[in-house]
Amino acid sequence: MIANAVVDIWEAEGVCPVQKFEDDLKPFRFPSPSGRFRDGDFLYDYDKDEILARVAPLCVPWHKEKCDNSFAFITTFIGYRWDIANKLVSLPDPKRRKFHERVRQFLDRFDGHPCCLLDVQRIHGSLCHVAFVHVEGRSHLPSLSNFAAKFPPDNDHATRFPPPSVITDLKWWLHTLSIPDVNRHLRPRGIAQDLRIFVDASTSWGIGIVLGDEWAAFQLSMSWKVAGRDICWLETVAIELLVYFLEARKFHDIRLLIHSDNKGTIGALEKGRSRNHHINSSIRRTYAVLLPLFITPQLEYVASAANPADPISRRELGALGKHIFPSFSLPDELQPCFIYEPI
């Protein structure tokens, strides 16, 4: 409430915008032709001393170490290091080392030994924070949340052995957090481009993909169905295969509207993870392609009756002249699942 009052007073006094999370405040400023405070080539309406003076009667106990000495283009806020001019966000190096050490200690203590729920929740919460910078790490979190769900809710002292999936994912995090100076680019992708992209899957035949007036189809083999693979997995793989087409066609730095008639797939892709191991693996491969190309998928639900990829997934194929062939090889996990010879 005190922090909210500070923000309200600042905004009434012309200090805006002010970003706030809990008790962490970050005021901004913009050049002003009538400003009284010069900094470099620009004039501003206030500097740090001025904005503090405007709320001085509140006697706010400002944190001496967390506050910036002056307005700066590189600043720390809510645990991240922001490079505003270059549109980058990263982990401050002390925090990177702190989380790296936290993962290392968990592996040292619990690889082959039981842990309690609090141990899992602590490491999971830390890595959820880190995943804002390491977006590809989202798909390395479900093993932890699945493991946490196995603890009895009414016994704080219960212990469990971490399964191999947890250890594997934490080793991935340990390697990832050992690399300094990793930045996430904050590029504006603009509004979503509607290129009439549709995907669909059916367990009766296979996968259909529509790109504008072109189409592709992948027929299922008899070996696709194993435990954990269902229609939601197929619908997720349909988007994965679409992404390989986008990569082959040199798409980059764009927000694309993609239509699917499976809400489970849409939710999993938007979160970047799934509790289902097979779906999570597909999401992981998908984002491994999307992230370096700065392609942002905007998934939109479409009813099956209005989905032009629906008949293709049931072997009602489109015009032969509009058939597109993949110029890529399928991942090893998917090759046994489809009857297809790419050229």
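## The six-stranded sheet

In this predicted model, an open sheet is built from 6 strands in the order S15-S14-S11-S12-S13-S16, and its pairing is mixed; strands are DSSP runs of E with at least two residues, helices are runs of H or I with at least four, and both are numbered from the N terminus, while two strands pair if DSSP finds at least two bridges between them. The edges are formed by strand S15 (295-301) and strand S16 (338-339), each of which pairs on one side only. Strand S13 (residues 214-220) meets S16 in the antiparallel sense over 2 bridges, and Gln219 has Ile339 in S16 as its bridge partner.

## Helices on the sheet

Helix H7 (residues 231-248) packs on this sheet and touches strand S11 (193-201), strand S12 (206-211), S13, strand S14 (254-260), S15 and S16, where contact means heavy atoms within 4.5 Å. The direction of H7 makes about 140° with that of S11, with axes taken as lines fitted to C-alpha atoms, for helices over the stretch in contact, and angles running from 0 to 180 degrees between N-to-C directions. Helix H8 (residues 263-271) lies across S14 and S15, and runs at about 150° to S15.

## Two hairpins

Strand S5 (residues 74-77) and strand S6 (residues 80-83) run antiparallel and are joined by 4 bridges, with Ile74 standing opposite Asp83 in S6. These two strands form a hairpin with 2 residues between them, and Ile78 in the turn has a positive phi of about 45°.

S6 also pairs with strand S7 (residues 88-90), in the antiparallel sense and over 3 bridges; here Trp82 has Val89 in S7 as its bridge partner. The hairpin of S6 and S7 has 4 residues between the strands, and Lys87 takes a positive phi near 55°.

## The whole chain

The protein chain has 10 helices and 16 strands, and its C-alpha trace spans about 75 × 55 × 35 Å along the principal axes. Of its 343 residues, 43% are buried, that is, under 20% relative accessible area with a 1.4 Å probe, protein chains only. Among the contacts with a separation of 6 or more, 68% are between residues 24 or more positions apart.

## Basis of the values

Residues are numbered from 1 along each chain as its sequence is written, and side-chain values use heavy atoms, with hydrogens and water left out. Because the model is predicted, local features need pLDDT of at least 70 and side-chain atom pairs count only at pLDDT 80 or more, whereas totals for chains, interfaces and linings use all residues.

Key. Buried < 20%, exposed > 50% of the residue type's maximum accessible area, 1.4 Å probe, protein only.
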